[in-house]
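Have a look at the picture, then read on.

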Amino acid sequence: MIEKITLTLGIILAIASLLSAFYINGYLSNIFFELFGIGIGIVIVNVMLSKMENRVWKRVKLHVYDDIRLTAELAYTAIVNIFGQRMFAIPQQIKDRAEINEFITKKQCQLIKTLADMDEDDLKKELWKRLEEHGSEALVRVYARELIRCAEEFSHIEQTYLKFLTPKLADILMRLRKSLRGLGRIIESYLAVRDRYLQRFMEREPTERERTMMSLELSMRLEVMATRFKQAVPPLLKIREIEEIK
């Protein structure tokens, strides 16, 4: 923006000086030297302003990439807390608390990668197990909402700071925005459908048709959930490996 302003100003000054030179003395040599001086001035001013702008925007870029890193970590943590929470046997040689946390984090990452590599049918079964055995439905809802908030944050970054993003990073953010939002919403939908049927079944004995309908509705949502999960995990892991994001 600054470069365009200074360039426009320089052209205006050059034209004005040219007309003035013609009008005042009519000497071609004077016109040449005057235009040359103006051109040098424009270049110097433009370079100085560009450097000032680059320093300012460099600090902004650091904040943008830091926001991307933080949001990616929040989304990954939410997915781990929904689908990757398991008890791992800690090797006896690991005693330090930091090493234990690192070991658990590594195991959880391996589990998430394993889930993402499964075919659709096996993944649906595993996601169903995670949701049904979690034991803390309220937390699942919280983390599902967190995925939606992360998608909204990626959308904000994408729309506001596109100039700082490489094409590769912009593509990753676009895919994450869609998949994380979809994953969060389908988890909420799955829980809502399950709760509705369970509430109905508490009031009276369900019919075979009602059981079948519940199974079909949950299965349809699990299929969408599996698709969104497989779409979200690879770019989420990839974004954590980008050097500027670390």
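## Ground rules

This is a predicted model, where local features need pLDDT of at least 70, side-chain atom pairs count only at pLDDT 80 or more, and totals for chains, interfaces and linings use all residues. Residues are numbered from 1 along each chain as its sequence is written, and side-chain values use heavy atoms, leaving out hydrogens and water.

## The big picture

You'll find seven helices and zero strands here (helices are DSSP runs of H or I with at least four residues, strands are E runs of at least two, numbered from the N terminus). Of the 246 residues, 36% are buried, meaning under 20% relative accessible area; exposed is over 50% and partly exposed is in between (1.4 Å probe, protein chains only).

## Helix H3

Helix H3 covers residues 97-117, and its 21 residues should span 30 Å at 1.5 Å a residue (1.5 Å times one less than the number of residues).

## Salt bridges

There are 16 salt bridges, each a side-chain nitrogen of Lys or Arg within 4 Å of a carboxyl oxygen of Asp or Glu. Asp66 and Arg69 form one at 2.8 Å, N to O; they sit three residues apart in helix H2, about one helical turn.

Glu126 and Lys129 pair up at 3.5 Å. Here Glu126 is buried at 18% relative accessibility, while Lys129 is partly exposed at 38%. There's also a network linking Glu132, Glu137, Arg141, Arg194 and Asp195.
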